[in-house]
Amino acid sequence: MADIKLGKLPDRTPVKLTITITPDLQSSLQAYASVYAAAYGVEEPVVDLIPAMLTAFLESDRAFNQARAAAGRAVK
């Protein structure tokens, strides 16, 4: 098969995760959803915002990303 520019797509099978949170965190998440709706004019449920919030958090954590990259280099 010829090499193509686009690599194989990653696994996109959803994984369901159930967690328990404090009432304060639930209140903060609801408040965030309200601010999001005011900013973008679209109401999104908290459950749809959380994956994007976690992704943004992990992508912005320099120490985590450096450690993850170092661990990946060590495996090879």
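Modeller: Before we start, a word on terms: helices are DSSP runs of H or I with at least four residues, strands are E runs of at least two, and both are numbered from the N terminus. Please keep in mind that this is a predicted model.

Biologist: Thanks! In what order do the elements of the protein chain run from the N terminus on?

Modeller: The protein chain has three helices and zero strands. Read from the N terminus on, the order of the elements is therefore α-α-α.

Biologist: And which element has the highest mean pLDDT?

Modeller: Happy to say that the chain has a mean pLDDT of 92, with 95% of its residues at 70 or more. Among the elements, helix 3 (residues 62–75) has the lowest mean, 89. The highest mean belongs to helix 1.

Biologist: Now to the largest pocket: which helix gives the most to its lining?

Modeller: That pocket has a volume of about 550 Å³. Of the 15 residues lining it, Ile19, Val47, Ile50, Pro51 and Leu54 are the closest to its centre. Helix 1 (23–40) and helix 2 (46–60) each supply at least two lining residues. With seven residues, the one that gives the most is helix 2.

Biologist: Let us pick isoleucine 50: is it buried, partly exposed or exposed?

Modeller: Isoleucine 50 lies in helix 2, and its C-alpha atom is 8.4 Å from that of leucine 29, a residue 21 positions away along the chain. Buried would need under 20% relative accessible area and exposed over 50%. Isoleucine 50 has 26%, so it counts as partly exposed.

Biologist: Where does glutamate 44 lie, and what is its relative accessibility?

Modeller: Glutamate 44 sits in the loop between helix 1 and helix 2. The C-alpha atoms of glutamate 44 and tyrosine 32, 12 residues apart along the chain, are separated by 10 Å. Glutamate 44 counts as partly exposed, because its relative accessibility is 29%.

Biologist: What kind of pair do the rings of tyrosine 36 and tyrosine 40 form: stacked, edge-to-face or tilted?

Modeller: The structure holds one aromatic pair. Its ring centres, those of tyrosine 36 and tyrosine 40, are 4.8 Å apart, and the planes meet at 50 degrees. Planes under 30 degrees apart count as stacked and those over 60 as edge-to-face.

Terms used: Residues numbered from 1 in each chain as written. Predicted model: local features only at pLDDT ≥ 70, side-chain atom pairs only at ≥ 80, totals over all residues. Heavy atoms only, no water. 1 Å grid on protein atoms, 1.4 Å probe; cavity = no way out; pocket = protein on both sides within 12 Å on 5 of 7 lines; lining within 4 Å. Points joined across faces, edges and corners; volume = space filled by probe spheres on them. pLDDT = per-residue confidence, 0-100. Phe/Tyr/Trp six-rings, centres within 6.5 Å; stacked < 30°, edge-to-face > 60°. Buried < 20%, exposed > 50% of the residue type's maximum accessible area, 1.4 Å probe, protein only.
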